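Hello,

Here is the structure I promised to hand over. Please open it first, then read the notes below.

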Amino acid sequence: MTLSILEWLGEQGVGAMIRVDAERMRDGGPAWTFAASGGPLDAGMRADGASVAECMGRALLRLREAGLDVPF
């Protein structure tokens, strides 16, 4: 599902990425980061999570709060 969301965002003119930080994972921190900017977003945004599901859940909430109706 994450790749479909990234593809949809790109089609809306939003540059987005998701990454995992192995060092933060080893330290027990929120290893996953989602970042997006451009297109209809007024400002860049970031969401972090301990798992990819948590990270993307937070990202989808923030994207919807910013006015993007992500269809996933």
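**What was found**

Ala36 is found in strand β2. Helices (H or I, at least four residues) and strands (E, at least two) are DSSP runs, numbered from the N terminus. Please keep in mind that this is a predicted model: local features need pLDDT of at least 70, side-chain atom pairs count only at pLDDT 80 or more, and totals for chains, interfaces and linings use all residues. Residues are numbered from 1 along each chain as its sequence is written, and side-chain values use heavy atoms, with hydrogens and water left out.

Back to Ala36. Its relative accessibility is 5%, so Ala36 counts as buried. Buried means under 20% relative accessible area, exposed over 50%, and partly exposed in between (1.4 Å probe, protein chains only). Leaving aside residues up to four places away in sequence, Ala36 touches Val14, Gly15, Ala16, Leu41, Gly44 and Met45. A contact here means heavy atoms within 4.5 Å. Glu54 is 18 residues from Ala36 in sequence, and the two are 16 Å apart in space, C-alpha to C-alpha.

Ala16 is one of those contacts of Ala36. Ala16 lies in strand β1 (residues 15–20). Ala16 has 31% relative accessibility, so it counts as partly exposed. Not counting residues up to four places away in sequence, Ala16 touches Leu6, Leu9, Phe34, Ala35 and Ala36. Ile5 is 11 residues from Ala16 in sequence and 9.4 Å from it in space, C-alpha to C-alpha.

Ser4 sits in helix α1. Ser4 also has a relative accessibility of 31%, so Ser4 counts as partly exposed. Ser4 and Arg58 are 54 residues apart in sequence, yet 16 Å apart in space, C-alpha to C-alpha.

**The core**

Which residues touch the most other members of the largest nonpolar core? They are Leu9, Phe34, Leu41, Leu63, Leu68 and Val70, out of 17 residues in that core. Two or more residues come from each of α1 (2–11), β2 (32–37), β3 (45–49) and α3 (52–65). The largest share, five residues, comes from α3. By nonpolar core I mean a set of buried Ala, Val, Leu, Ile, Met, Phe, Trp, Tyr and Cys residues joined through side-chain atoms within 4.5 Å. In soluble globular proteins, nonpolar side chains tend to be buried together.

Phe34 deserves a look on screen. Among the residues that Phe34 touches, not counting those up to four places away in sequence, are Leu6, Leu9, Ala16, Met45, Cys55, Ala59 and Leu63.

**The whole chain**

The protein chain has three helices and three strands. From the N terminus on, its elements run α-β-α-β-β-α. The radius of gyration of the protein chain is 12 Å, close to the 11 Å that the globule rule gives for 72 residues, so the chain is as compact as a globular protein of that length. That radius is taken over C-alpha atoms, and the rule is 2.2 Å times the number of residues to the power 0.38. The C-alpha trace spans about 35 × 25 × 15 Å along its principal axes. Buried residues make up 29% of the 72 residues. Of the contacts between residues at least 6 apart in sequence, 32% join residues at least 24 apart.

Best regards
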